[in-house]
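Okay, thanks for coming, everyone. Let me put the model up and walk you through a few side-chain contacts.

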Amino acid sequence: VVYLPHLANDQLTKFLQVTCHTEATDEEKIIQLTPTHFIFQHEGNDEIVPVQARSLVMGSPLAAWNHEGEFLELCHVSDITPFTASGAYTAFTTSGKLIVNDLLVSSYAKLGHYGGANTAHAVATIHRTFYRAGESDSVWFRHLNDKVEAALLKE
């Protein structure tokens, strides 16, 4: 983990609780994320692509981690439930990807009209740079990040 944005987050936020069942082992996986957060979906030819959670439908094939075989397997969406709660959290990683509750997700959500997960990962280069320099937890850097994030959300 390179950086933890949203640490002082207590505002009400819309979320989706997504439930899916794995194809190989029929395990239930549940994740809660904002509608604009990116989660990885299987496409043809074993390709996985980031899609916004709000684009998921029943049967959408998500990428789930299989602990026994240590590989990604299909996890078909079986339920999507919207709800509101306080606090939205994520973690920036060097790859821009995380495994959360055994599901492959992006570190990022779409902010305003600023592109997709790859664009967000490019913008977050500053976080990885300061992490490598040992400055990612400094007060001045967190303050700067909060201002940049607020400006992006206003547009």
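So, K29 is buried, at 5% relative accessible area; buried here means under 20%, exposed is over 50%, and partly exposed is in between, using a 1.4 Å probe and protein chains only. Quick caveat: this is a predicted model, where local features need pLDDT of at least 70, side-chain atom pairs count only at pLDDT 80 or more, and totals for chains, interfaces and linings use all residues. Residues are numbered from 1 along each chain as its sequence is written, and side-chain values use heavy atoms, with hydrogens and water left out.

Now, who does K29 pair with? One partner is D102, in a salt bridge of 2.8 Å, N to O; that term takes a side-chain nitrogen of Lys or Arg within 4 Å of a carboxyl oxygen of Asp or Glu. K29 sits in strand β2 (28–33) and D102 in the loop between β7 (97–100) and β8 (103–109), so this contact ties together parts 73 residues apart in sequence. Strands are DSSP E runs of at least two residues, numbered from the N terminus. D102 is buried too, at 19%.

K29 also meets E27 in a salt bridge, 3.2 Å from N to O, and E27 is partly exposed at 36%. The count is two salt bridges, and shared partners join E27, K29 and D102 into one network.

On to the rings. The whole structure has one aromatic pair: F15 with F83, stacked, 5.4 Å centre to centre and 15° between the planes. Pairing needs ring centres of Phe, Tyr or Trp (its six-membered ring) within 6.5 Å; planes under 30 degrees apart are stacked, over 60 edge-to-face, and the rest tilted. F15 is buried at 10%, while F83 is partly exposed at 26%.

Technical notes
Helices (H or I, at least four residues) and strands (E, at least two) are DSSP runs, numbered from the N terminus.
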